[in-house]
Amino acid sequence: MRKKLLCGLLCLGFCLGSARGAEASFADVKDTDWFAPSVAVCVENGLMKGTGGGNFSPNGAITLAEVAAVAARLGESLNDKPIPQGTPAPGETLPWYHWYVEYLKGYGLTLAQPEEPATRQEFFTLLSAVTPAESLSPINSIQSLPDTQDQKVLAFYNAGILTGTDPYGTFSPAKGLTRSEAAAMIARILEPSLRQTFTPQTPPAQTPPAATLNGQTALVVNGQEIKTEELASWIVEAAYYLDAFYYNNYGVRLSWTEEVEQIVLSQAIDQLVAYQGMSAWAAEKGCELKQLSAALTPSPSREALSRYVQEADLLCAKHILVTDKETADSVISALQAQPTMEQFTNILALLGTDPGMTANPNGYLFTAGEMVKEFEDGTRALEIGAFSPEPVASSFGFHVILRLDPLDHPDLVKEYQDKVMNDLVDQWIAASTVQMDEAVVGQIDIQGTYNAYLQALSNQQ
């Protein structure tokens, strides 16, 4: 019976034609977000997809493999050069990006570590290789940039595709980039109306403003003296992440005001204090900082995990996402005839259109508001181990949901451990004593310190 059922589903899959690759509407992309038009262009043209669960993850890093997929699809579209396809040898399992990487070899490109986050240079190298010169009509007149005079890079700036990481147009080749930043640059290749006119500002000639204060005590934290140079490094860290937050969420760079400077200083001190506590705990446990959360709670009990699941209102589910109700009804009929995990997995592999299920084979572990409402409500309506008796419709299609026990999800322990550590850090910060020498700290040029860091970074690249 199982063989007959799967054959029937396979035929149904052929009748449906190619499934929709992604949706232009995502729970984490608002219409007012600066990157929303770019995401729509990328998705509607089949260049990028969501990350699963109705999300695009605009602030997530884009991997080299994902860039390879985009570059290959662009090359196929712009150069009429089809992406090769093939069948794995018996017993061979090819990574999802295999044929995209093979395709780019035709452009003289090889990818050593496709699953690593892409740098801006790697992103540019792959995209520029498949973009015809006639697609780069100049709208800007930029002769040089703070950290490069590469004519190929300048061509993308002058075409309005690249604008740099700061008002000076700094290329920052070694930096990574988010999915929203990548979407913006990819969309500008396809849609000239999205391209940006840009005139780089002249970088200020600066030395680190805090350097003249080096060696002076700025703070005493829990009895430990903190010199100005150490505080300055935390100021840079806090400013960098605040700058990234503004850019990733609003498409603008950090606008310096007295209030913003105080926020940066406050966050820098909190981060410094937290690091002091975490370093002490790591030394006590004999582990590295990245291992600290696991060392603090090495073997959480099932009772503790169960309490955390209840407190955090965690849900877990897998789903088979299809494009139409008729297919969803067929999926439910097949599951009712053979309600096993094996059957669900087989149908998911055959008909599921959510790529996030490949990245999350154990299901999504989520809480209220993290998924589209229909998916969350549909999950809550089920008992653990049950699947949807009726298709659940959302803007992404039709879901057949299988609710799972969060306690069985392999990511739960790490999430719980991180939560325990974060609570301990909050308690440490609240209990810490911080004495500030306001005369010394008041002399630190917070904005200038961050700008000097950016300038020094540009000079190194």
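A: First, a term: on a 1 Å grid over the protein atoms alone, a pocket is an open set of points where a 1.4 Å probe fits, with protein on both sides within 12 Å along at least five of seven lines. A volume is the space filled by probe spheres set on the points, which are joined across faces, edges and corners.
Q: What volume does the largest pocket have?
A: The largest pocket has a volume of about 1200 Å³. Of its 39 lining residues (those with an atom within 4 Å of a point), the closest to its centre are Lys49, Arg73, Trp96, Pro355 and Thr358.
Q: Which helix gives the largest share of that lining?
A: α3, with six residues. Helices here are DSSP runs (H or I, at least four residues), numbered from the N terminus.
Q: Okay, and what volume does the second largest pocket have?
A: The second largest pocket has about 400 Å³. Its lining has 24 residues, with Lys175, Gly176, Glu181, Tyr240 and Ala244 nearest the centre. Here α8 gives the most, six residues.
Q: What is the mean pLDDT?
A: This is a predicted model, where local features need pLDDT of at least 70, side-chain atom pairs need 80 or more, and totals for chains, interfaces and linings use all residues. Residues are numbered from 1 along each chain as its sequence is written, and side-chain values use heavy atoms, without hydrogens and water. The mean pLDDT (the predictor's confidence in each residue, from 0 to 100) is 87, and 92% of residues reach 70 or more.
Q: Where is it below 50?
A: Over residues 1-23. Where pLDDT is low, the predicted coordinates should not be read in detail.

How values were computed
Contact means heavy atoms within 4.5 Å. Helices (H or I, at least four residues) and strands (E, at least two) are DSSP runs, numbered from the N terminus.
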